[in-house]
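Subject: Structure for you to look at

Hi,

Here is the structure I promised to pass on. Open it up next to this email and follow along as you read.

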Amino acid sequence: MRIELSEKDDGFQKLYGVMLAIYYAVLVGLAIYWFSLSDYYQLFQTFANMALPVVYLLVYRILGLKRTFKLEAVILAFTFMAYSLGVAGRWYHIVPYYDKIMHALSGAFTMFLALPAFYWLKSEKKIKSEDCALAVAFCLCATLAVAGIWEIVEYIINLVTGIDLQNVAASGVGDTMQDMIVCLAGALFMLIPMLGYYRRGKAGFLMDAVFAFCRNNPGLYAKQAD
């Protein structure tokens, strides 16, 4: 599959390649382990995780986007922790509070990924310091919306399969509310780099990864004609 690359972020291509090799090496090891135990449900989960990077590439190709390896490295790292280790490796069941840690990280992750969507929807595509309040409000609302949708999906899975992902039997609504709260906490933590950028004009790694995507795909952010 050939996808147009961005020259500006080729420096992160090697890092992404190393991360991808580690990603698949861990999943292959897990696949062998679950096959040896004849745990075909976990084996399916492992193979599903193997497909995720390919899905990301398909999204780029279908939408005609240029790849941004700095941003892809962040996405792959989150995917590895949340799904490869959490689901395929069962860390959600093994590591104490891992579920809450990942919900907090998902809040931070969604918070900064919502920023390109904000500028895509904004009529004037130019990034300005005056955008700060509206951008923060939009990203916070997007984060809580995604968290709410995720809990709805878990509820539907429980209705269809009987798998209690929300741990309702043991905690009632407590687990769901805690997930939402730590997700919000993660999103609020992202205010530090966001406010740092809008107030001082200094973009850290995460913010620069977001704006690198915007720079690499100017077709999405061309100013709309009057």
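Let's start with G89, which touches L30, S84 and I94, leaving aside residues up to four places away in sequence. This is a predicted model, by the way, so please keep that in mind throughout. You'll find G89 in the loop between helix 3 (69-88) and helix 4 (91-94). Is G89 buried or exposed? Its relative accessibility is 12%, so G89 counts as buried, the cut-off being under 20%. Also have a look at L27: it sits 62 residues from G89 along the chain, yet the C-alpha atoms of the two are separated by 8.5 Å.

Now look at R90, in the loop between helix 3 and helix 4. R90 isn't a glycine, but it has a positive phi of about 60°. That's worth a second look, because most residues other than glycine have a negative phi. R90 is partly exposed, with 30% relative accessible area. S38 is another residue to check: its phi is near 60°, again a positive value in a residue other than glycine. You can find S38 in the loop between helix 1 (13-36) and helix 2 (40-63). With a relative accessible area of 45%, S38 is partly exposed.

Next, zoom out for the overall picture. If you take the contacts with a separation of 6 or more, 72% of them come from residues 24 or more positions apart.

Two packed helices are described by the angle between their axes and the distance between the axes. Helix 5 (residues 98-121) packs against helix 9 (residues 191-200) at an angle of about 40°, and their axes are 10 Å apart. That angle makes helix 5 oblique to helix 9. The crossing of helix 5 past helix 9 is right-handed. Which residues make the contact? From helix 5 they are M111, L115 and Y119, and from helix 9 they are L191, M194 and Y198. Sorted by class, this contact of helix 5 with helix 9 has 6 nonpolar residues, no polar ones and no charged ones.

Last, the aromatic rings. Searching the whole structure turns up 15 aromatic pairs. In one of them, Y33 and W34, the ring centres are 4.9 Å apart and the planes are at 65°, so the pair is edge-to-face. Y33 is partly exposed, at 44% relative accessible area, whereas W34 is buried, at 6%. Then there are W91 and Y98, with ring centres 5.4 Å apart and planes at 70°, so this pair is edge-to-face too. W91 counts as partly exposed at 34% relative accessibility, while Y98 counts as buried at 7%.

One more thing to pick out on screen is an aromatic cluster, formed by F118, Y119, F138, Y197, Y198 and F211.

Cheers

Terms used:
Residues are numbered from 1 along each chain as its sequence is written. This is a predicted model: local features need pLDDT of at least 70, side-chain atom pairs count only at pLDDT 80 or more; totals for chains, interfaces and linings use all residues. Side-chain values use heavy atoms; hydrogens and water are left out. Axes are lines fitted to C-alpha atoms, for helices over the stretch in contact, and angles run from 0 to 180 degrees between N-to-C directions. Helices (H or I, at least four residues) and strands (E, at least two) are DSSP runs, numbered from the N terminus. Angles under 35 degrees count as roughly parallel, over 145 as roughly antiparallel, 65 to 115 as roughly perpendicular and the rest as oblique. A crossing is left-handed if the near helix is turned anticlockwise from the far one by less than a right angle, and right-handed if clockwise. Contact means heavy atoms within 4.5 Å. Ala, Val, Leu, Ile, Met, Phe, Trp, Tyr, Cys and Pro count as nonpolar, Asp, Glu, Lys and Arg as charged, and the others, Gly among them, as polar. Rings of Phe, Tyr and Trp (its six-membered ring) pair if their centres lie within 6.5 Å; planes under 30 degrees apart count as stacked, over 60 as edge-to-face and the rest as tilted. Buried means under 20% relative accessible area, exposed over 50%, partly exposed in between (1.4 Å probe, protein chains only).
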